[in-house]
Amino acid sequence: MRLLDPARLTAGLPTRDDLGTAARNAWALTFGDGVSPARRTASDLLRAGPHRDLHRFGPAPATDARPILLVPPLAVPTSCYDLRPGQSLAADLLGRGHAPYLLDYGTMTAADRDLGFESWFDDIVPDAVRHVSDLHGGGGVDLVGWSLGGTISLLTAAAHADLPIRSVTAIGTPIDYTRIPVISPLRVIGRYTTERPLTAVTRILGGLPAPVVQAAYRVTAPHRELLKPWFVARNLTNTESLARMEAIDRFMAEMPGYPARLFHQMCSRLILGNDLAAGRFHLGGSTVELGDIAVPVLAVGGTTDVIAPAAAVAPVTEILTGSPLVRFEAVPGSHLGLVAGPQAHATTWSILHEFLDEVPAAPTSPDDTRRAHDESALAVVPS
């Protein structure tokens with residue numbers, strides 16, 4: 001009988017291969033170019049313009065391929081839709097036979113201080129929608145926007161009923177800002193000071209500088225920053241986990257800034273005024289009514305999202321009174337994780353594909369869309 005079993009003595013100890021992997025990863029993180037350099041889905045720049053570069057992923061699609069315009073938020077790199085292999089909504093849409101397009105606003109400088117929300121929903125996004133529609137024989141375009149990109153997409157559909165928009169998907173887009181705990185202190189202070197303390201510096205600088213935006217995003221996940229050294233140490237042999245960490249770090253480092261006017265509108269109308277929860281957006285002497293949206297809408301909220309909690313997204317079902325179909329889904333995920341997390345393919349992306357299948361290819365009126373959806377629902381009811 002053996003008193004000592006060598007296998008038991010060595011159980012749990014790193015193997016030679018593990019040590020080699022750990023050494024390579026430690027070197028790559030410290031002195032090299034990282035464990036996994038950025039890899040993007042192939043795309044072509046179709047046209048360039050001030051804050052409106054339009055890209056198409058993949059080769060030229062068939063005219064009848066479903067065009068989907070990815071609308072990014074402000075102050076966020078467009079890589080949110082194409083973070084890395086396996087975490088790319090753009091690649092997923094392309095792989096399913098759709099024709100994904102992407103707007104890129106580029107960087108913001110002091111010269112852009114006067115750009116506001118209306119610059120996007122009255123000009124930049126409508127211009128892109130018309131161009132993409134023309135590329136597909138005048139067909140409808142599905143808008144997909146994450147975070148503030150969802151807000152811009154909703155406002156565009158509400159303000160321009162004549163646009164060839166087939167549907168709108170808003171991912172992690174808050175409607176009721178009173179349900180976002182992380183900004184509660186700002187709202188309390190704002191009751192007495194209005195938005196002026198928040199926007200005074202941006203008026204001088206012409207906007208909110210990129211380093212401030214990057215720091216603010218990191219503040220929303222302090223545990224990640226504090227525990228990062230421990231995470232790296234624990235995962236030195238797990239290249240995939242380190243690659244995901246690198247992709248997020250790279251994403252945050254590329255965040256641009258906000259134009260002064262738009263940041264002022266965010267503070268006064270969204271955070272403090274909570275306009276969207278009332279179903280409208282006040283802008284100077286005009287008002288955009290969200291009830292005017294006449295196309296199907298999908299909204300997805302994250303149950304672990306601190307920037308736009310699911311509870312802040314859910315009221316979308318109450319305010320889009322003119323839409324023929326409004327669907328809300330709550331899924332696990334952080335703010336970025338909703339659209340680009342490793343599990344997004346099984347949650348957000350899957351729901352998006354189901355929704356796109358529900359939306360008729362070319363609805364001619366809201367009544368047609370309601371009728372098609374009702375017929376689809378009846379088709380799955382047992383007789």
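**Close-up views of a predicted model**

**View 1. The largest cavity.** The largest cavity in this predicted model has a volume of about 30 Å³. The structure holds one cavity of 30 Å³ or more. Residues lining the largest cavity include Ser36, Pro37, Ala38 and Arg39. Leu83 and Arg84 also line the cavity, as do Ala243, Ala247 and Arg250. Sorted by class, the lining has five nonpolar residues, three charged residues and one polar residue. Rolling a probe the size of a water molecule over the atoms shows where empty space is left.

**View 2. Gly150 in helix H5.** Gly150 sits in helix H5, which covers residues 148-159. Gly150 has a relative accessible area of 0%, and because this is under 20%, the residue counts as buried. Between Gly150 and Ala170 there are 20 residues of separation in sequence, while their C-alpha atoms are 4.2 Å apart in space. With neighbours within four places in sequence set aside, Gly150 is in contact with Gly145, Ala170 and Thr173.

**View 3. Cys80.** The relative accessible area of Cys80 is 0%, so this cysteine is classed as buried. A search of the whole structure finds zero disulfides.

**View 4. Cys267.** Is Cys267 buried or exposed? Cys267 is buried, because its relative accessible area of 2% falls under the 20% limit.

Definitions and conventions. Residues numbered from 1 in each chain as written. Predicted model: local features only at pLDDT ≥ 70, side-chain atom pairs only at ≥ 80, totals over all residues. Heavy atoms only, no water. Disulfide = S-S within 2.5 Å. Buried < 20%, exposed > 50% of the residue type's maximum accessible area, 1.4 Å probe, protein only. 1 Å grid on protein atoms, 1.4 Å probe; cavity = no way out; pocket = protein on both sides within 12 Å on 5 of 7 lines; lining within 4 Å. Points joined across faces, edges and corners; volume = space filled by probe spheres on them. Nonpolar A, V, L, I, M, F, W, Y, C, P; charged D, E, K, R; others polar. Helix = DSSP H or I, 4+ residues; strand = E, 2+ residues; numbered from the N terminus. Contact = heavy atoms within 4.5 Å.
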